[in-house]
Each structure stands twice: as C-alpha cells, then as structure tokens.
Amino acid sequence: MSVSVTVLDPRHDPEPAEWSTFAKAARLHAAWDYGLLGVESRHAPHPTVLALASADGHLAGVMAASMVRGPLGVRLLEVHNPWLSGFAGWAFLDEVSHRGRKLLLRRMERELCRFAGVGCTGLFYRYLSDEDASLVSGFGRLVRESVGTAVLDNRFDTVDEWISSLARSRRHSLRGQRRKIERDPDIVVRFAAARDDLDGAELARLVNGHRMRFGKPPLLDNRGPIAAEYLHELVRRDDVVSLTYHDGSGRLLAFANLLDHPVVPLYQHWSALSREEGGKQHLYFDSYARMMGHVVAHGRPGLSAGRGKLDLKQSLGLQPRRRWAAAVPRPVAG
C-alpha cells in the first residue's frame with residue numbers, strides 16, 4: 001500500500017477536493033465539516049490542524065489535533081475533534097483494516113509532529129474506545145482509562161416505551177416534568193433542524209455562561225469559549241437539530257442541540273439560564289425526551305450524550321462506555 005500524508009490548517013488552507021466524498025463515506029458527524037473546523041480553529045486559543053492520509057492515491061483516513069502551546073515554544077498535539085465529545089479524533093473509511101489503520105495513524109503522527117516543529121513534545125489522545133486504544137498502544141506509549149461516555153442503545157418504538165423502561169422514581173418525575181412544561185403558557189419550545197431563526201451570539205452567551213458556571217471537566221480542558229460564528233453556522237445545518245426554550249417575551253431560557261447521525265447521534269450542547277437569572281425548572285430532563293423522540297422517530301440505533309454526569313444519565317437509560325487516553329512522546333512518534 002502506497003501511503004502519503006498531508007497536513008492542513010483549516011484556518012486558511014482550502015478544503016481538499018476529496019473531503020466531502022470522504023465525509024459522506026465515513027459517516028462523519030457535522031463537527032467534521034471542513035468549514036466549521038476552520039471557523040472553530042480561527043477563534044480557538046489553540047488551533048486545530050488536520051492530517052490527511054491517502055492510500056494508493058485516495059483519501060482513507062484523517063486526524064484532527066489541537067496544537068496546545070505552552071511556555072518556551074513547547075507544543076503538545078491534543079488529538080480530538082474539539083466539540084465532538086466521546087469520539088476519537090480520527091476517522092477512516094470502513095474498508096481500511098485494523099492493520100492499515102495502525103499504519104496510517106503512525107504516518108499521521110509523524111507528519112503532525114513535523115508540522116508542529118522542534119518544540120513538539122508529542123501527542124495526547126482523548127476519547128479512545130477499547131478498539132481505538134489498541135491502535136495507539138505500544139512500546140513507549142502510555143494508555144490509561146479516562147472519563148467514560150454515556151450511550152443509549154435504542155430498542156424502543158415510542159418515547160413512552162423509553163420512559164416506561166426507566167426506574168419508577170425517574171419515570172414518574174419525568175412524566176410530571178413534561179406535563180408542567182406543556183402546561184406552562186410562558187414556555188415556547190421549538191425543536192427542528194436548519195434553524196435560521198437563531199443568533200449565534202445569543203447562543204454563545206448562553207453556552208459559555210453555562211460552562212463558566214459549572215467549571216471545566218475533571219480532566220484538563222484546553223478549549224476556549226465556543227465562538228458565536230461557529231454556533232451560528234452549526235445550527236443552520238440540515239444534520240443539526242436544535243432545541244430551544246423561550247419565555248413569552250422571547251427571551252432564550254435554554255438551548256440544546258443534536259448532531260444527527262445514521263448510527264449514533266450526539267447530544268452535543270446543553271445550556272440554560274440559572275433560576276437566579278430567570279430560568280425555568282425541569283427543562284434539562286425534558287430535553288432528553290425530545291432527543292429520544294428524534295432518535296425513535298428516525299430509527300437511529302443509539303444516542304450518545306458525551307462525558308460527565310454519568311450517574312444522572314444512567315437514570316435516563318444511558319449506559320457508560322469506557323474511554324481511554326493515550327500519551328505518545330515525540331521520540332516514539334518519530
């Protein structure tokens with residue numbers, strides 16, 4: 001197999017000719033859109049670069065890495081797609097074998113380190129499944145269990161079936177919460193794809209305010225605030241379903257979105273005003289019922305809800321999936 005690797009900076013490098021074909025064939029989530037990656041990277045404190053691996057002249061795999069800058073010119077390549085929690089920072093065509101993926105990953109590692117320069121200390125992989133971890137493990141590579149992610153296997157024909165499968169206390173509280181929201185004349189709910197009625201700046205204020213209020217995740221998070229331009233473009237996509245709660249005056253109370261996918265849609269963002277800011281109760285749990293409504297109606301095999309709050313998510317029928325992190329020093333990566 002003849003392999004070549006190119007490293008691109010989506011902030012200014014044009015989209016490769018094969019990107020859209022590859023994205024469709026590899027069934028990539030919306031966060032892999034090349035234009036969105038460029039927008040995210042232009043506003044991020046640590047830009048994201050992309051390694052593209054071609055096998056026998058055709059694009060077969062890609063890897064996203066944030067170049068985290070430290071003191072004295074030190075750089076760490078953090079391999080992840082910044083707003084795709086729980087999923088590895090790479091993608092391959094289905095026909096690429098395990099052995100082929102390992103080969104392409106090693107070549108992409110090497111080229112990314114060269115691109116990052118002499119100050120590069122190595123790579124840090126996030127969100128690895130058991131199979132993913134096997135691809136990056138080896139001599140001189142440190143692999144450790146990390147925070148898990150929550151996934152629901154969809155075996156339901158209706159939302160009520162899903163609710164009925166939950167423990168009694170959660171089942172009763174969820175039904176009561178949904179009734180209260182439906183009967184509240186001061187809550188306006190809209191859940192739809194391609195939302196051209198939403199303003200990215202307003203969404204960013206809510207999402208970033210929510211993140212600040214709850215603090216960073218347990219593991220080091222090098223991401224900065226999410227950009228208004230990024231959210232503005234994201235919610236306008238056909239494969240992104242956005243949920244909003246407004247009060248009667250039009251004030252945005254809460255926002256959530258789903259990156260739709262033929263296999264595992266991702267519940268990507270949740271944010272809401274606090275009670276002190278004029279927010280409403282019960283919206284978070286109602287949001288899961290609406291996400292499940294989409295999953296069930298479209299026959300999606302599952303729903304991913306990212307990391308964190310695993311006990312709470314388990315009460316909603318989601319199950320923890322183990323995830324691993326891996327550190328690869330520069331001398332090992334080559």
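Modeller: Let's start with Pro-301, which is partly exposed at a relative accessible area of 44%. Buried means under 20% relative accessible area, exposed over 50%, and partly exposed in between (1.4 Å probe, protein chains only). Before we go on, this is a predicted model in which local features need pLDDT of at least 70 and side-chain atom pairs count only at pLDDT 80 or more, while totals for chains, interfaces and linings use all residues. Residues are numbered from 1 along each chain as its sequence is written, and side-chain values use heavy atoms, leaving out hydrogens and water.

Colleague: Where is the place of Pro-301, and which residues does Pro-301 touch?

Modeller: Pro-301 sits in the loop between α9 and β12 (302-307). Helices (H or I, at least four residues) and strands (E, at least two) are DSSP runs, numbered from the N terminus. A contact needs heavy atoms within 4.5 Å. Not counting residues up to four places away in sequence, Pro-301 touches Leu-152, Asp-153, Asn-154, Pro-262 and Val-263. Pro-301 and Asp-153 are 148 residues apart in sequence, yet their C-alpha atoms are 6.2 Å apart.

Colleague: How many Å should helix α9 span, and how many Å apart are its end C-alpha atoms?

Modeller: The expected span of a helix is 1.5 Å times one less than its number of residues. Helix α9 (residues 283-297) has 15 residues and should therefore span 21 Å; its end C-alpha atoms are 21 Å apart, which agrees. Helix α7 (residues 200-214) also has 15 residues, and reaches 21 Å from its first C-alpha to its last, close to the 21 Å expected.

Colleague: How many residues of α9 are buried?

Modeller: Twelve of its 15 residues are buried, and α9 is mostly covered. Among them are Leu-283, Tyr-284, Phe-285 and Val-296. Leaving out residues up to four places away in sequence, His-294 touches Phe-191, Val-241, Leu-258 and Asp-260.

Colleague: Which residues of the largest nonpolar core touch the most other members?

Modeller: A nonpolar core is a set of buried Ala, Val, Leu, Ile, Met, Phe, Trp, Tyr and Cys residues joined through side-chain atoms within 4.5 Å. The largest core here has 106 residues, of which Trp-90, Tyr-125, Trp-162 and Tyr-267 touch the most other members. Helix α9 gives the most to this core, with nine residues. As for Trp-90, its contacts outside four places in sequence include Trp-32, Val-62, Tyr-125 and Leu-128.

Colleague: How do I read the strand pairing, and which strands pair with β13?

Modeller: Two strands pair if DSSP finds at least two bridges between them. Strand β6 (residues 120-128) and strand β13 (residues 319-329) run antiparallel, joined by five bridges. Strand β7 (residues 142-153) is also antiparallel to β13, over eight bridges. Look at Ala-327 in β13: Phe-124 has it as bridge partner, and Leu-142 stands opposite Ala-327 as well.

Colleague: Finally, what is the radius of gyration of the chain?

Modeller: The radius of gyration is taken over C-alpha atoms, and the globule rule is 2.2 Å times the number of residues to the power 0.38. For 334 residues a compact globule would have a value near 20 Å; the chain has 21 Å, which agrees. Buried residues make up 54% of the chain.
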